[in-house]
Amino acid sequence: MRAVDIIAKKRDGGALSADEIAWFVRGYARGDVPDYQAAAFLMAVFIQGMSREETVNLTLAMARSGDVLDLSDIADYAVDKHSSGGVGDKTTLVVLPLVAACGVPVAKMSGRGLGFSGGTLDKLESFAGYNVQLSNEEFRRLARQNGIVLAGQSHDLAPADGKLYALRDVTATVPSLPLIASSIMSKKIAAGANGIVLDVKVGRGAFMTNLDDARALAQIMVDIGVDAGRDMIAVLSDMNQPLGCAVGNALEVAEAIEALNGGGPADLREHCLEVAGYMLRLYGRGRRWTDAAETRADLEACLHRGEALAKFRRMVEAQGGDAGMVDDPARLPAARLVEPFAAPQSGFIAQAAADKIGIASFELGAGREKKGDPVDLAVGLKIHVKVGDRVERGAPLATIYLRQ
Ligand code: URA
């Protein structure tokens, strides 16, 4: 096979075979296919698209470019979740301990933030000492021992995606349905889950800004998962305004702890109960947690009895983090300057633009422009209002947490 023939076939709108896709991906991961040919391939896919079958084959080829985790010695059935990324999205920090507290082992690999979208690993590093880089053995040991582990993605997981994603970033080929779907799903499949809940964000603070695109992305990812033998559920959730109130690493951690204590903003709590409920439903495989109301009651009981918080604390401690910060979130990294922002006039909130709020938090120092940049854990914003709220002149709209 020759890379140039595969590129030409896609350029002319042809359908690539499983062998052609696997050959190209393998060759690129190994370094046999150079960046300039991979860039041309990506642009051909971007322009011509891919069929469902081609997208599945691309996903499987990327998933098989490195290790594929086998979690069967940890759980008879492994569940995972994935969020397509948003502003103030601290769902994983709440949902994982909640599900684990219901007796379902969870071993999750998460990512760092990029641009104005936050990342779970950065948030977790708000706990002094928290180790996100675990060896495979350590990852497995903690999952077996505590029923919960939350760490960074191993380098050997879908390495072809790592290379292709970096190339997409600089060749204007990121916003392509088959490329986004195969990128996300290759990592999920390689991470060993049997059942996956996808939380696809839609709105101005998300990758997909309208419902049709978000539904199409969710559908193609569900199709890929099903064709690869996984059980799939997709949730479409609003990202026109931030989830919860807090935006920024340590601020979000503190809000997640509030939610694990049974409090926190109502939208965050509802969303976490929904995502966790779907994870339990997948794990139950028609034998347990089939009734949404009973599942919710189980989850709420875990919150109220403090079991979800205890799981979270256990996880932080086991990964070397300062668990005292879970008991006393005031000890989390704190900004030196805290500025209130008051409503200049009375009225109703028409928008709490997630993209602009995300960019503001990024500008304050909470986000990174490129891989490896440091982030300021303490800075960010708290938005005290939701769309539709009535506010009076002078009432607090937001609080801004600044470096100095
Ligand atoms: N997240 C990913 O992992 N890949 C994409 O292409 C987009 C979002």
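# Close-up views of a predicted model

**View 1. Strands S2 and S3 pair in the parallel sense.** Between S2 and strand S3 (residues 148–152) there are 5 bridges. The model is predicted. One of the facing pairs places Lys-108 opposite Leu-150 in S3. Strand S2 covers residues 106–110 and is mostly covered, with 5 of its 5 residues buried. Val-106, Lys-108 and Ser-110 point one way from S2, while Ala-107 and Met-109 point the other way. Residues on both sides of S2 are buried, and Lys-108 counts as buried because its relative accessible area is under 20%.

**View 2. Strands S1, S4 and S5 form an open sheet with parallel pairing.** The order of the 3 strands is S1-S4-S5. Strand S1 (79–83) and strand S5 (231–238) are at the edges; each has a single partner strand, so one side of each lacks a neighbour in the sheet. From one strand to the next, the twist averages 15 degrees. Strand S4 (residues 195–202) pairs with S5 in the parallel sense over 8 bridges. Gly-195 stands opposite Asp-231 in S5. Helix H9 (residues 177–190) lies across S1, S4 and S5. The direction of H9 is at about 155 degrees to S1.

**View 3. Strands S6, S9, S11 and S7 form an open antiparallel sheet.** This sheet has 4 strands, in the order S6-S9-S11-S7. Strand S6 (246–247) and strand S7 (337–342) are the edge strands, each pairing on one side only. Strand S9 (residues 380–383) pairs with S11 in the antiparallel sense, over 4 bridges. Gly-380 is opposite Tyr-401 in S11. Helix H16 (residues 354–366) packs on the sheet and touches S6, S9 and S11. The directions of H16 and S9 make an angle of about 145 degrees.

**View 4. Leu-402 belongs to strand S11 (residues 396–402).** With a relative accessible area of 22%, Leu-402 is partly exposed. The cut-off for burial is under 20%, so Leu-402 does not count as buried. Apart from neighbours within four places in sequence, Leu-402 is in contact with Ala-335, Arg-336, Leu-337, Glu-339, Leu-364 and Val-379. One of these contacts, Arg-336, is 66 residues from Leu-402 in sequence. The C-alpha atoms of Leu-402 and Arg-336 are 6.5 Å apart.

**View 5. Glu-54 and Lys-10 meet in a salt bridge between their side chains.** The N to O distance is 3.1 Å. This pair links distant parts of the chain, 44 residues apart. Glu-54 is in helix H4 (residues 52–63), and Lys-10 is in helix H1 (residues 3–11). Is Glu-54 buried or exposed? Glu-54 is buried, and Lys-10 is buried as well.

**View 6. Arg-2 and Asp-5 form a salt bridge, as do Asp-12 and Arg-11.** The side chains of Arg-2 and Asp-5 meet at 3.1 Å, N to O. Asp-5 is partly exposed, at 40% relative accessibility. For Asp-12 and Arg-11, the N to O distance is 2.8 Å. Asp-12 has a relative accessible area of 55% and is exposed. Arg-11 is also exposed, at 52% relative accessibility.

**View 7. Met-43, Phe-46 and Ile-47 form a nonpolar surface patch.** Together, Met-43, Phe-46 and Ile-47 have about 260 Å² of accessible area. Phe-46 lies in helix H3 (residues 35–48). Phe-46 counts as partly exposed, at 32% relative accessibility.

Note on methods
Residues numbered from 1 in each chain as written. Predicted model: local features only at pLDDT ≥ 70, side-chain atom pairs only at ≥ 80, totals over all residues. Heavy atoms only, no water. Patch = residues over 30% accessible without salt bridge, like charges linked within 9 Å, V, L, I, M, F, W, Y side chains within 5 Å. Areas by Shrake-Rupley, 256 points an atom, 1.4 Å probe, with all protein chains shown as cover. Salt bridge = Lys/Arg side-chain N within 4 Å of Asp/Glu carboxyl O. Helix = DSSP H or I, 4+ residues; strand = E, 2+ residues; numbered from the N terminus. Buried < 20%, exposed > 50% of the residue type's maximum accessible area, 1.4 Å probe, protein only. Pairing = 2+ DSSP bridges. Axes fitted to C-alpha atoms, helices over the stretch in contact; angles between N-to-C directions. Contact = heavy atoms within 4.5 Å.
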